[in-house]
Every structure is written in structure tokens, then in C-alpha cells.
Amino acid sequence: FALNLESLILFSVYLVARNMANHPCKIIDYSVRDIRFPTSKGDIGSDALHTDPDYSAAYVTLITDSTSCHRGYGITFTLGRGTEIVVCAVHSLMKMVVGRTISDIFSDMGSFYRSLTNDSQLRWLGPETGVVQLAVAAILNATWDLMARMAGKPLWKLLVDMEPNELVACIDFRYMSDALTKDEALEILNKNKSTKSEREKELCENGFPAYGTHAGWLNYSDEKVTHLVKEAMSQGWSRFKLKVGAGLERDIERCRLVRQLIGDDALLVSTTAMVGRREGRG
């Protein structure tokens, strides 16, 4: 007999849910590491506010009692100093994670998210801002990674295969409901559900457009920008982002340089780092 794509997706989700129910995978331990890279030595990542970042991460590993897939990995991005504080916050939050089953978490990701952000004492430090937010992000990323591994899918595919109501249930709308409510989001997803397979097919065949910032960090010399842009173009890149904020004249010079290198057909976007007019460098 033949099954259409929607039936196959539903059957796949059913099998994952049944597997989780029959063999509940419990998070029994974790580790968190402070990993840093001296990117400031090469001005990598520099912008108008962050002139010497050392790209770093708090790296979380969730360990389960499963024999087939027993780990999930997630990071939260930092700029070097202070990563140790994020690591401490992860340790404090893990009491709400260790001991829980993946099926319990996956059945209500929205509640799991709120359990991490709304602890009655930790929320005083910043419920969804700053250090606590960064720590929660690392844990959530590791949780999603673990669930995708258990389902045997890349994370994007796990999300694509979720039903609209399941996907919407993962989102906390408290800070966006003035622009988009839960019901409105559900309506958009349901409206476009019939063409989802077509868009997935296009994505798999053509990929998703991306830009690169690696050639446009603020403190790079013109010579380095020229070299990196030419190298990127030889690799097929046609979309570039340039950091600005070094002063109007200098910004114009750099934009003109990159535009001349990439031609009129390639995409060039620029961004600064929340530097006001009075705070601009130069």
C-alpha cells in the first residue's frame, strides 16, 4: 500500500513518541566546559563595541541512561571574559534538568523552557536576560540536540516534521504577543502546511541563502578584507556583511572597497553594534 508524505511524517512522529514511552530516556548527569579561542589576536569578530572579542562558549553535554543515544550537546556564545560566570549559572540551573525524562520534556517544551527561566530565586538575576539567559540557551540547545539524535534526524528536520500545534507549544509568546499571538502563529503555520513539502524539497535541493561576515570585521585592514573577499567569492559566496562604526568616512571607504570587489549583482549589507551617534568611534 502507499502512504502519502503527511502520513509518513505522522507515522515517524508516532514511532519516536512510542519509543520514548516504551524506553524512557532519563537525563542522569551533565558536564559544562569553558572553551575559549584567542580570536582577538587576529581582530576576528571585531565591531564598533566589541573591539577585542575572544570567541568562546559555555559547552553543555547532557548525559542520559540510554545505550543507543545518550548525549546531547549545546553551546551558548560568549566573548571570553565572563564565560566562567555562565558556567556557574548552568550548574545552578541543572537541578531542574537532571532526573527528567526526554519524553516528559518533549511532550511540553514550553513548560520546560519556563521552568528554567522562572525559578523563583534565580529569576531575580535576570529571568530572560544576561547570564541566566545565556545559561538557559546552552541547556536548551543541548536538549534539542539530544531529542534530534534520539529521533535520528538533524534538528531542522525534527522541527519541520512537527505539527503546527506542537511547534507553537514550544514558544513562549509573552514578550511577542503584541506583534504575534499564539493563535495567529498557528493560523500562519496551518495556512502554509499544504505547501510545506514543496518548500522542504526546494531547501534540500538548493540550500538556504546565507551571508558571510568573515571578510568584514571592523578592525581588518583593506588588504585583509580584499584577500578574504576574493577568497570567499572563489568559494561561491555572493552575500557579504560588513561591520561599520569606525567613523562615517572610513565606513564609506570600506563599503566602496567591498562593492568594487563583489560587483553590482552580489548582496552587501552592513551592521553596527548599537553605537549611537555620540558614541561612534571617530
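In this predicted model, W217 counts as buried, with a relative accessibility of 11%, where buried denotes under 20% relative accessible area, exposed over 50% and partly exposed the range in between, computed with a 1.4 Å probe and protein chains only. Residues are numbered from 1 along each chain as its sequence is written. Because the model is predicted, local features need pLDDT of at least 70 and side-chain atom pairs count only at pLDDT 80 or more, whereas totals for chains, interfaces and linings use all residues, and side-chain values rest on heavy atoms, with hydrogens and water left out.

A search of the whole structure finds 3 aromatic pairs, a pair being two rings of Phe, Tyr or Trp (its six-membered ring) whose centres lie within 6.5 Å, classed as stacked when the planes are under 30 degrees apart, edge-to-face when over 60 and tilted otherwise. One of these joins Y55 to W217 in an edge-to-face arrangement, at 6.2 Å centre to centre and with 85° between the planes. This pair links distant parts of the chain, since Y55 belongs to the loop between β1 (27–36) and β2 (56–64) and W217 to the loop between α9 and α10 (222–234), 162 residues apart; helices (H or I, at least four residues) and strands (E, at least two) are DSSP runs numbered from the N terminus. Y55 is partly exposed, at 25% relative accessible area, and together with F77 and W217 it forms one aromatic cluster.

The largest nonpolar core comprises 37 residues, of which V60, V97, M109 and L116 touch the most other members; such a core is a set of buried Ala, Val, Leu, Ile, Met, Phe, Trp, Tyr and Cys residues joined through side-chain atoms within 4.5 Å. At least two residues of this core are supplied by each of β1, β2, α2 (83–93), α3 (102–107), α4 (109–117) and α5 (130–151), and the largest share, 13 residues, comes from α5. Neighbours within four places in sequence being left aside, V97 is in contact (heavy atoms within 4.5 Å) with I27, L62, F112, L116 and I139. Apart from this core lies another, of 13 residues, which includes A215, W217, L242 and A266.

L268 is located in strand β5 (residues 267–271). With neighbours within four places in sequence again excluded, L268 contacts F240, L242, C255, V258, R259 and I262. The C-alpha atoms of L268 and S238 are 8.6 Å apart in space, although the two residues are 30 apart in sequence.
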